[in-house]
Amino acid sequence: MKARIGAILAALAVAAPLTAFGQDAKKGVPPNPAAATSPWSQTVSKDASVVGEQLDKKQVELVQKVSGYFNQMGDMKGLFVQTSADNKRIRGKFYVKRPGRFRFDYGAPSKLVIISDGQYLAIQDFDLKTDDRVSLDNTPFRVLMRKDVDLLRDAHVLQVQDIDDVIVVSLEDRNTDNPGRIKLFLAKKPTLELKEWITTDPQGLDTRVELHEMNKADDLDPNLFKPSMISTQKVLQ
């Protein structure tokens with residue numbers, strides 16, 4: 001079961017997955033979790049000792065710019081295309097309501113929905129009638145979806161590149177309980193915008209997620225981020 005959860009989380013991690021931009025892509029809970037106070041809405045103090053390690057001044061500025069993008073992103077909706085390590089592609093719709101809430105609806109023939117209510121992430125398979133839940137702090141989304149995103153503080157930054165009209169940042173969570181790597185691709189024009197990410201799981205397998213038709217969405221229904229009730233529910237510690 002944990003392997004299945006890990007595979008799904010890796011596929012979406014942040015975050016949280018077109019090369020620049022797809023031109024070279026391989027054609028290939030607890031009874032009431034919402035009642036608890038979400039740590040994702042809290043501000044964390046900065047630990048200056050971990051800021052900017054092994055990065056030059058320009059790279060630090062680029063990472064700070066990416067952190068600022070996520071902090072100012074606001075509520076969004078759009079379409080995504082996910083390409084797994086075995087080259088299988090599946091499309092769907094996504095919704096984001098920061099901090100910490102998001103929803104990925106996978107298109108047919110899949111009946112998979114991944115929902116975060118701000119504290120727990122639910123992976124619901126309506127074919128298998130399974131409902132697996134895990135704390136957001138145990139997922140890669142922890143770094144990108146909190147109220148005060150700071151990649152220099154919360155992540156090991158492995159690569160920073162400014163290539164033409166694209167900023168590329170590769171990172172891994174400082175929390176060793178959240179293994180795997182994430183590579184973010186953000187377009188710089190006309191404004192900074194996340195276009196795709198690639199996750200690499202602990203086994204070295206890559207999953208790519210491309211984002212399309214991203215739009216501001218100030219009127220998202222809060223019920224979008226409430227998991228449906230399914231008979232088989234498991235909470236992973």
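**Close-up views of a predicted model**

View 1. Helix α2 comprises 16 residues, 57-72, which at 1.5 Å a residue should span 22 Å; the C-alpha atoms at its ends are 23 Å apart, so the two values agree. The expected span is 1.5 Å times one less than the number of residues in the helix. Helices (H or I, at least four residues) and strands (E, at least two) are DSSP runs, numbered from the N terminus. The model is predicted: local features need pLDDT of at least 70 and side-chain atom pairs count only at pLDDT 80 or more, whereas totals for chains, interfaces and linings use all residues. Residues are numbered from 1 along each chain as its sequence is written, and side-chain values use heavy atoms, with hydrogens and water left out. After α2 comes Gly74, which has a positive phi near 75°.

View 2. Among the buried residues of α2 are Val60, Val63, Val66 and Phe70. Buried means under 20% relative accessible area, exposed over 50%, and partly exposed in between (1.4 Å probe, protein chains only). A nonpolar core is a set of buried Ala, Val, Leu, Ile, Met, Phe, Trp, Tyr and Cys residues joined through side-chain atoms within 4.5 Å. The largest such core has 43 residues, of which Phe70 and Leu184 touch the most other members. Helix α2 supplies the largest share of this core, six residues.

**View 3. Aromatic pairs.** Five aromatic pairs occur in the structure. Rings of Phe, Tyr and Trp (its six-membered ring) pair if their centres lie within 6.5 Å; planes under 30 degrees apart count as stacked, over 60 as edge-to-face and the rest as tilted. The ring centres of Tyr69 and Phe70 are 5.2 Å apart and the planes stand at 75°, so this pair is edge-to-face. Phe80 and Tyr106 also form an edge-to-face pair, with 5.2 Å from centre to centre and 80° between the planes. Because Phe80 belongs to strand β1 and Tyr106 to strand β3, their pair ties together parts that are 26 residues apart in sequence. Phe80 and Tyr106 are both buried. Ring pairs join Phe80, Phe94, Phe102, Phe104 and Tyr106 into a cluster.

View 4. Strands β1 (residues 76-83) and β2 (residues 89-97) run antiparallel and are joined by eight bridges. Two strands pair if DSSP finds at least two bridges between them. Val81 lies opposite Arg91 of β2. Five residues separate β1 and β2 in their hairpin, and Asn87 in the turn has a positive phi of about 70°. Strand β2 also pairs with β3 (residues 101-106), in the antiparallel sense over six bridges; here Tyr95 stands opposite Arg103. The hairpin of β2 and β3 has three residues between the strands, and Gly100 takes a positive phi near 85°.

View 5. Six of the six residues of strand β4 (residues 112-117) are buried. In a regular strand, side chains alternate between the two faces of the sheet. In β4 both faces are covered, with Leu112, Ile114 and Ser116 on one side and Val113, Ile115 and Asp117 on the other. Five antiparallel bridges pair β3 with β4, and Ile115 is the bridge partner of Arg103. Five bridges also join β4 to strand β5 (residues 120-125), again antiparallel. The hairpin of β4 and β5 has two residues between the strands, and Gly118 in the turn shows a positive phi of about 105°.

**View 6. Val157 in strand β7.** Val157 belongs to strand β7 (residues 155-163). Its relative accessibility is 17%, so Val157 counts as buried. The C-alpha atoms of Val157 and Leu171 lie 4.4 Å apart, although the two residues are 14 apart in sequence. Leaving aside residues up to four places away in sequence, Val157 touches several residues, including Leu55, Val63 and Leu171; contact means heavy atoms within 4.5 Å.

**View 7. Arg174 in a loop.** Arg174 is placed in the loop between β8 (166-173) and β9 (181-187). The side chain of Arg174 reaches the backbone oxygen of Leu152 at 3.4 Å, and a polar atom of that side chain lies 3.0 Å from the backbone oxygen of Arg153.

Terms used:
Polar contact = N/O pair within 3.5 Å; in protein donor to acceptor, adjacent residues only side chain to side chain.
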